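Visitor: I would like to go through this model with you, one question at a time.
Guide: Go ahead; here it is.

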Amino acid sequence: MPRSLSYTDAVRLLGGQDSTVVAAIEKLAGGVLLVAAPGVTELLSWFDAKGEFVRLSHELVRGLYGKRLSRYGRTERLDAARNVIVLVAFFESLPRELGDLNRTRLDQIAFARLAGGEKRVVADRRAGYLVELMQSAGSPRPTPQQSPEVFVANLRDEYRALSDAMTELLDDLALATDLSEPDLRRIYNDLEALPDRAVSRYQDLFRQLVADFPELACWASQQEHRATRAALAGLEEQLRDISTGREPDERRESLARAYRAALREKVVDAPDGIEAPRLGDAYLPPRFRVADVPSAARVSDESWWAEIPVRDDLEEFLVGHLTSPQATRAPLLVLGQPGAGKSVLTTVLAARLPAADFLPIRVVLRETPATDELQDQIEHAIRQATGERVDWPALSRSAGDAMPVILLDGFDELLQAAGVSQTDYLTKVARFQRREADQNRPVAVIVTSRTAVADRASAPAETVALRLEPFDDQRITTWLDTWNHTNATNLASRRLSPLTPHAVLAHRELAEQPLLLLMLALYDADGNALQRAGENLRTHELYERLLGTFATREITKHRPGLPDRDLELAVEEELRRLSVVAFAMFNRAAQWVTEADLETDLTALFGPATRQGGLRAQLRPAELTLGRFFFIHRARASRDQTSLQTYEFLHATFGEYLVARFTWQVLRDMAARSQATAMSLTAPPSDDDLLRALLSFQPLCSRGPVIGFLSDLASPAGPEERSALRELLIRLVRTVNHSLPTHRFADYRPATPGEPTRYAAYGANLLLLILCVSSTVQASDLFEGSLDVVESWHDQALLWRSQLTNEGWTSLVDTIALERVWEDSLRDVRLSIGGNDVVPVVDLYWTLDVPPGSTQLLAGVPIYHHTHSDRLRKKAWFQCSIQDDLAQHALEPLARAFGASVNTLFAFSEDEILAAANVLLQLMTNPAPETYRRAAKVTEAILTPWPWSESLRYATLVRHRLRGDPQVDPATAAHVLAALRELGYADDM
């Protein structure tokens, strides 16, 4: 709950220490509200002074009108006024009879009924408690991130506490002896209804304040939402309407000019023939979610945001936040995915905040020294914007009526570049705000970060988090209108059609991110490429065209005049470079990679950088141009005079597509070399070095879209190519655990797993590739020559389970559908892509290797499996597996009481075999007549081989279940009971 002023603080803040109204209230209160620990006598004076208190309080609030105040001074006094009307609404809603009572008469009643000293102490304590509640009556403060309904509920609870305390005090005063029964009942009924009346009165008084101070409506999320306008123009208009400040001095105006100039900048450096709109025209306020951040909250988790509603009033929220007390107490944390518009929001906000009331300072953290203190970073940013060296305290003091707003853009970039040294950065920000408030220089701070890394820094108390949401259809359409209007002349001259929402919304996963929507628009500007592709353009085809088009555009910009063949090779090299970046992230199980790690990977895969041609030559850090692509986000920060950089794809599926693309290219190259080698009649080389290096760290299925992209890339291949690829991959699978990798790429180690883990990952990926090029594969294909292919599969599965991460193992199980089959009376396993949610039913005939039609098991004869229940439990205990422990824990009572039932198998027919334990559990959970008959047969079969105690317990449970089942038919009951009696089980068991 946000901190709130006490009533005493509010009165003195509104009136000032020398105010006659304040003096009158102090005199009227008689030491009740303005002095600690009052008793009954002092409190009773308020019953007949209620009207005067209300009048003076209203006069105190009215004194706020017409005052010239600084921006934060106005915020403080509005908060105080809101606090005062909370208590005024309570007193105005008290039962009329209490106000009519004479204080002397009440004193007489009180002292007559509180003759004992102990009673008097209790009553004084109740009076003191009631006064404490009055002092804190304004504690439920409306905030722009909270719904009005929640605030009203909290306020009602506060009034309920006051009403209950008043009722208990009146009980102590024993008013029943001096009031008639109807009067007494009326008072207590009125006190019961008081909370609702007080809330209603508060809302009336609050609306009167809002009429003259509109920002209060934004505090309480009650501002009528205006139509969405570009570039936060509505926010600037609302703040100018409530302006309280003076014109800025030259230094502040210089900053304001620098920020306003950004609105005139083009949103992108567009290629020839394309006119990009200006930021002031193109920026649209996105939808968002917002909430207070509890200390243990994980704001990077989607589940944490799921219950928070999506809002459409960003301008109103920002007005409410920046004009409310909460803005100066802790940072506002703005979160979003790469390309969601976080940085642009700070750019536009800095340009739109009126300089008369605000002093915005935008700090681009990637351009400031990461290890500097916040104050140094602020001064550095001012120097970058204006060229002037400025001392922060001096600038802050010179702001006069304006409140500083520090916009710290790119906290995630600071984290990625500087590491754990900045995990307390947000706490430092809050500490900075407290220091500035103590120095009478209150400051608001807004911090932007990618959602994924937000949890790497602890959020201080009272932090508010705001997450930007993807564009909806309306925003996409509005943005396209701006784009088409800006390019109308160019489109007409080139006989191109405007970009339609229909064409864009076919690729919603890209269009809903503002920066990627711009990317689609640029792509379509090249001859209406997006619209000509039509709705049947598959995702991987779109990605290939997007990436190829942008690579071509960048290469021709920097290397004009290349022949077609050279241009084609240069584009492919560019895309391979991006693929290496994608693998650098993928194999580290991360969504971003540092430049240093990328350079290490490149050196390991392609050797040291050279000055002459080739892929590696263009990948030197000094020449890396990854940041120029729309689909690459480059984060920069400075530390110890060194520039630290990381790279990330604006949309994760760009990286996943590039992983699939590069894998597919390497695989096809291997197949081509293998075929050429076979035709030359020489021994096939060990040519899987690169594939093994790339695919021995993470299973491809750990990023679901990778498998989908691989399947799509394989789909156009003809039968012969698919067959060749399948044969190659199966050959690799058969030798994967029996061959040592060469050391050609031994230095490529994006992660540091042990060799067994790398064998497991590579083997899993080979299997996944087989399934991408072939609809199915069977264990007998993979383990040729094995005496028992199921046992071989079991061994391989155990390797994966033991060596892959839990996420990797789970994704493998979810991706691969497994079917247990018979092939000519031999067990086999059939695999395919496309795991489903159907829980398979164990077929013990298959498990025990009893083929269909076999006479190995006779109906009605128990079979005892060699694995005993205690041995199963010991193995589970030894393995320390979560899944095994859960299963053993659930079955523990059954195993202890009926250990033999676990490994006693019973063939009821040629098609069905069940364990005795299975029959018993069916009987307990979902009994049916056939289940009772099976239970009787099991009891008959186990009488001799089982220990008598276990067989007796089994039969007893069957009998008790039968007796307690009102649904069982008489014939079944008679049959089972007769069988039990015949076996010698007594009726009284």
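**Helix, strand and cores**

Guide: The residues of α16 that are buried are L314, E315, E316, F317, L318, V319, G320, H321 and L322. This is a predicted model.

Visitor: How many of the residues of helix α16 are buried?
Guide: Helix α16 spans residues 314-322 and is mostly covered. Both E315 and E316 belong to the buried set, as does H321. The count of buried residues in α16 is nine of nine.

Visitor: Is strand β2 enclosed or open, and how many of its residues are buried?
Guide: In a regular strand, side chains alternate between the two faces of the sheet. On one side of β2, L332, V334 and G336 are buried, and on the other L333 and L335 are buried. Strand β2, residues 332-336, is therefore largely enclosed by the rest of the structure, the number of its buried residues being five of five.

Visitor: Which residue of β5 is the bridge partner of L333?
Guide: Strand β5 covers residues 444-450 and pairs with β2 in the parallel sense, over five bridges. Within β5, the partner of L333 is V447.

Visitor: Where is T451, and what is its relative accessible area?
Guide: T451 is in the loop between β5 and β6. The cut-off for buried is under 20% relative accessible area. T451 falls below that cut-off and so counts as buried, at 4%.

Visitor: A polar atom of the T451 side chain lies 3.1 Å from the backbone nitrogen of which residue?
Guide: Leaving out residues up to four places away in sequence, T451 touches V299, S300, L335, G336, Q337 and R467. The backbone nitrogen at 3.1 Å belongs to G336.

Visitor: Which residues have the most contacts inside the largest nonpolar core?
Guide: That core has 116 residues. Apart from it lies another core of 74 residues, including V299, I308, L333 and L468. In the largest core, the residues with the most contacts are W479 and L700.

Visitor: What percentage of the residues of the protein count as buried?
Guide: The secondary structure comes to 46 helices and 15 strands. The protein exposes about 44,300 Å², of which carbon and sulfur atoms supply 51%. Of its 989 residues, the share that counts as buried is 52%.

Technical notes: Residues are numbered from 1 along each chain as its sequence is written. This is a predicted model: local features need pLDDT of at least 70, side-chain atom pairs count only at pLDDT 80 or more; totals for chains, interfaces and linings use all residues. Side-chain values use heavy atoms; hydrogens and water are left out. Buried means under 20% relative accessible area, exposed over 50%, partly exposed in between (1.4 Å probe, protein chains only). Helices (H or I, at least four residues) and strands (E, at least two) are DSSP runs, numbered from the N terminus. Two strands pair if DSSP finds at least two bridges between them. A nonpolar core is a set of buried Ala, Val, Leu, Ile, Met, Phe, Trp, Tyr and Cys residues joined through side-chain atoms within 4.5 Å. Accessible areas come from the Shrake-Rupley method with a 1.4 Å probe; for residues, only the protein chains shown count as cover. A polar contact is a pair of N or O atoms within 3.5 Å; within protein, one must be able to donate a hydrogen and the other to accept it, and residues adjacent in sequence count only if both atoms are side-chain atoms. Contact means heavy atoms within 4.5 Å.
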